[in-house]
2 protein chains.
Amino acid sequence: MLIVKKFGGTSVGDKDRIFNVARRCIEDYKKGNQVVVVLSAMGKTTDELLAKAREINPNASKRELDMLLTTGEQTSVSLMAMAMDSLGVPAISLNAFQVAMNTTSTYGNARLKRIDTDRIKHELSNKKIVIVTGFQGINKYDDYTTLGRGGSDTTAVALAAALRADACEIYTDVDGVYTADPRIVPTARKIDEITYDEMLELSSLGAGVLHNRSVEMAKKYGVQLIVRSSLNNKEGTVVKEVVKMEELLVSGVACDRNTARIAVIELEDRPGVAFKLFNHLANHGINVDIILQSVGRNGTKDISFTVAEDVAEEAVKIIERHRTGSLKCSRVELEKNVAKVSVVGAGMMTNAGVAAKMFEALYDANVNIKQISTSEIRVTVLIDEKFVETAMNAVHEAFALSK
Amino acid sequence: MLIVKKFGGTSVGDKDRIFNVARRCIEDYKKGNQVVVVLSAMGKTTDELLAKAREINPNASKRELDMLLTTGEQTSVSLMAMAMDSLGVPAISLNAFQVAMNTTSTYGNARLKRIDTDRIKHELSNKKIVIVTGFQGINKYDDYTTLGRGGSDTTAVALAAALRADACEIYTDVDGVYTADPRIVPTARKIDEITYDEMLELSSLGAGVLHNRSVEMAKKYGVQLIVRSSLNNKEGTVVKEVVKMEELLVSGVACDRNTARIAVIELEDRPGVAFKLFNHLANHGINVDIILQSVGRNGTKDISFTVAEDVAEEAVKIIERHRTGSLKCSRVELEKNVAKVSVVGAGMMTNAGVAAKMFEALYDANVNIKQISTSEIRVTVLIDEKFVETAMNAVHEAFALSK
């Protein structure tokens, strides 16, 4: 078997953790597997490097920031190779230049395009464990790039795809994917298997175990992902195309507190006014989520929608700026204490009762629903942030997810 | 003019120093020059990285050590580019992969072979200051290598040669090359011009301003070196092929305390015994310096020689190991409290009186000479270490070097 194993910064934060990861990889190697390891920068290294850069130049170019940040993973991989070597197993570290990790040109947020696997295959055939820098790539100018948030997961999945690996294991500090965040829903249960699509809905909804981009790539290339803990030997959660037939109607409940609701009241009801509103926001890179539009009345209508909380004030400012022009309205309201709660499950595609069951559970728990949004495998409600725990536990219970 | 400027680790040790170097380079840039900057790792970075490595694996492979150490210069160059950028001057940092700094394969002590200057020329033509990582290269396996001691000086000279630069400025914490170490000889005077050969003798004799390899390379490719201070704007010392005709007989006095003397007493006087002795040492990578051989007597002779103090005990062990075999002798003596004092000067090639004048000065100062060695432009004596100051001042005075 060829296995790609990815460990995050916390897992390689100090000497003991480095050796813990080394031993873990060696176990698989000694069973006769070929092992490729992808590492992030150690602990807080990336933050420390960013602080150094800010001290020199608060507006440093992304090109130079990437040049600086990529030293972080190079440090991790070389130290890991030394650790494995001291445990008697031949290992070699490789950076983005050495594996020709080609990306788009965008510094700070590049996308992987192509990986040259020759060097890795050569080292594997020499019976070495190959340790590759996550998060980093090189672009057509022969410059370092970084892959943005969740970048090392993406590196691991891309390597697994390019090497046609039998599995891609993503190590985290939890045992796998849960039916809900155990800190909020104490009866939450680990999921053994989940589809890519469900995982995508869960990660975009703030389950936070895997980054969307890595799941999308895994789905595209059919890479079998395994999310498991770096602290124990439990099985973890397998993410793949089709899961066992005895699948549940709903596989998980997720919440996202990084949400704010903006209401544009008594907006002049002319053709194209909604388009203009969302176009202004899109031009500033602001993504809009659950949209609700009232029926027109007296030549006006109300439009409300959600955005990420950290861009909410900017969004309001943008709208205010156009109030005397293309967006005539009586006022703009901002509500920050809201959260999204969602149920996700491939099973609901063939079962219309999921939304109703969720609403019933929330009604029984006295949680008021402000807005609703659905996809084929997801139902999302917007509620008051203070009801998140109540709502999640009620929904989790209603779908018997702890069983 | 195209100028290559090299700054060591101390010169980029913190934010203030980084900006100091940045401003220095920008001055030249604003005069219309093309500027290439070569940097070492910041302050104690290399030592800290080595300590980290030792903690993980005291016998780490040199391949992985180089992978780790090269992050040091990459950090310096990216921060420097950010600093220049914040001062309004476009700059770009490049590492060994990006300038294809090809070296031999030997990790930890590689030699530069070839540099691809396309990228640098391209960035210079875009009016950028180009900042290149010193000390590091890549070998034919596409792995990082490092150049060993004085590596960044060598990088700078090699770049200056490849780019046919008009000058290569090596910045240090002293004003230039002195007639003697000012800490030992208070009347020492800065030298304005010196030949490559004199500089080679001085640096190999412990003057310690420039590393031998960089001077050798500068001589080979005719690169005009300028040694000057990063702390002030003084002219510094120019190192080149031919200096002004009014050159002094002697240009400097150097000392080397890292010296020990080994005497092999009553060595069996057979043909090839000296060869065997030095061959055993060479096989262990031990360089032997000033050799003195006594006239044979009773079928034995004494051979004494100097080695670097830090390998002296190893050298003695090697000889002891062969005492019952190829190197029969009555005993091996080790004397550590010795030092070499040398006078260097291209002028002495045509003047036989230099050695005599030096010996006279030492005699007058009551300094006993243990051994003597000479080259075309150098006279070296081995003396008791405790007489180093007296000897240097006496010789410095005798040749009127402070004038």
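Student: Which strands does helix α9 of chain A lie across?
Tutor: Helix α9 (residues 312-321) lies across β13 (252-268), β15 (300-307) and β16 (331-344) of chain A, running at about 135° to β16(A). Helices (H or I, at least four residues) and strands (E, at least two) are DSSP runs, numbered from the N terminus. Axes are lines fitted to C-alpha atoms, for helices over the stretch in contact, with angles from 0 to 180 degrees between N-to-C directions, and contact means heavy atoms within 4.5 Å.

Student: What do I need to know about the model and the numbering?
Tutor: This is a predicted model: local features need pLDDT of at least 70, side-chain atom pairs count only at pLDDT 80 or more, and totals for chains, interfaces and linings use all residues. Residues are numbered from 1 along each chain as its sequence is written, chains are lettered from A and ligands numbered from 1 in the order in which they are written, and side-chain values use heavy atoms, with hydrogens and water left out.

Student: Back to helices. Where does α11 of chain A lie?
Tutor: Helix α11 (residues 388-398) lies across β13, β16 and β18 of chain A, at about 120° to β13(A).

Student: What is the strand order in the six-strand open sheet of chain A?
Tutor: The order is β14-β15-β13-β16-β18-β17, with antiparallel pairing. Two strands pair if DSSP finds at least two bridges between them.

Student: And which strands stand at the edges?
Tutor: β14 (291-293) and β17 (371-375) of chain A; each has a single partner strand, so one side of each is left without a neighbour in the sheet. The twist averages 25° from one strand to the next.

Student: How many bridges join β17(A) to β18?
Tutor: Five, and the two strands run antiparallel. A:Gln371 stands opposite A:Leu382 in β18(A).

Student: New topic. Which residues does UniProt list for "binding site"?
Tutor: The unreviewed entry lists several, among them A:Gly8, A:Gly9 and A:Arg183. The listed residues are spread over 178 residues of sequence and, in space, up to 24.6 Å between C-alpha atoms. UniProt positions are in the numbering used here, feature names are shortened, and annotations may be inferred rather than shown by experiment.

Student: Is A:Gly8 buried or exposed?
Tutor: A:Gly8 is buried, with a relative accessible area of 13%. Buried means under 20% relative accessible area, exposed over 50%, partly exposed in between (1.4 Å probe, protein chains only). A:Gly8 sits in the loop between β1 (2-7) and α1 (15-30) of chain A.

Student: What is A:Gly8 in contact with?
Tutor: Leaving aside neighbours within four places in sequence, A:Ser40 and A:Tyr171.
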